[in-house]
Amino acid sequence: MWGRVENEIQFVLAHPNGWEGLQQSKMREAAILAKLVPDITAGHDRIHFVTEGEASVHYCVQNGLIGDKEQV
């Protein structure tokens, strides 16, 4: 199964709020060393970063824990 998606899969990596370029570069380097993506521009473009806070909000929205519902 990995062989069918390995060149197309997008990775979204969560990191602590406040982490920026240096820390994201280290995470990207780890993904390359783990052979999740090749060390080329196309591989780098398949790695995306999101803060833990933003990831938590998306999780809650997708699972109906928060949203546009009126509170009673």
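Start by selecting G18: with a relative accessible area of 64%, G18 is exposed. Here buried means under 20% relative accessible area, exposed means over 50%, and partly exposed lies in between, using a 1.4 Å probe and protein chains only. What you have open is a predicted model, in which local features need pLDDT of at least 70 and side-chain atom pairs count only at pLDDT 80 or more, while totals for chains, interfaces and linings use all residues. Residues are numbered from 1 along each chain as its sequence is written, and side-chain values use heavy atoms, with hydrogens and water left out.

G18 sits in the loop between β1 (11–15) and α2 (21–33). Helices (H or I, at least four residues) and strands (E, at least two) are DSSP runs numbered from the N terminus. G18 and L33 are 15 residues apart in sequence, and their C-alpha atoms are 24 Å apart in space.

**The whole chain**

Zoom out. The protein has 4 helices and 2 strands, in the order α-β-α-α-β-α along the sequence. Its radius of gyration is 16 Å, well over the 11 Å that the globule rule gives for 72 residues, so the protein is more spread out than a compact globule. That radius is taken over C-alpha atoms, and the rule is 2.2 Å times the number of residues to the power 0.38. Along the principal axes, the C-alpha trace spans about 50 × 30 × 15 Å.

Buried residues make up 14% of the 72 residues. The protein exposes about 5,800 Å², of which carbon and sulfur atoms supply 55%. Accessible areas come from the Shrake-Rupley method with a 1.4 Å probe, and for residues only the protein chains shown count as cover. Among contacts (heavy atoms within 4.5 Å) between residues at least 6 apart in sequence, 56% join residues at least 24 apart.

Select H15, in strand β1. Is H15 buried or exposed? H15 counts as buried, because its relative accessibility is 2%. Leaving aside neighbours within four places in sequence, H15 is in contact with Q24, M27, F49, V50, T51 and E52.

Next select R46, in the loop between α3 (41–44) and β2 (47–51). R46 is buried yet has no salt bridge. A salt bridge is a side-chain nitrogen of Lys or Arg within 4 Å of a carboxyl oxygen of Asp or Glu. Which side chain of opposite charge is nearest to R46? It is E6, 7.3 Å away. For charge, Lys and Arg count as positive and Asp and Glu as negative, while His and the chain ends are not counted. Not counting residues up to four places away in sequence, R46 touches E6, N7, E8, I9, Q10, F11, L36, V37 and P38.

**The loop between α2 and α3**

Move to K35, in the loop between α2 and α3. K35 counts as exposed, because its relative accessibility is 69%. Its phi is near 65 degrees, a positive value in a residue other than glycine. Most residues other than glycine have a negative phi.

D39 lies in the loop between α2 and α3. D39 is exposed, with a relative accessible area of 55%. Leaving aside neighbours within four places in sequence, D39 is in contact with I32 and H44.

Then select I40, found in the loop between α2 and α3. I40 counts as partly exposed, at 46% relative accessibility.

**The last stop**

Y59 is in helix α4 (residues 52–62) and, at 52% relative accessibility, counts as exposed.

Finally, select V57, Y59, V61, L65 and I66, which make a nonpolar surface patch of about 490 Å². Patches are made of residues with over 30% relative accessible area and no salt bridge; like charges are joined within 9 Å, and nonpolar side chains (Val, Leu, Ile, Met, Phe, Trp, Tyr) within 5 Å.
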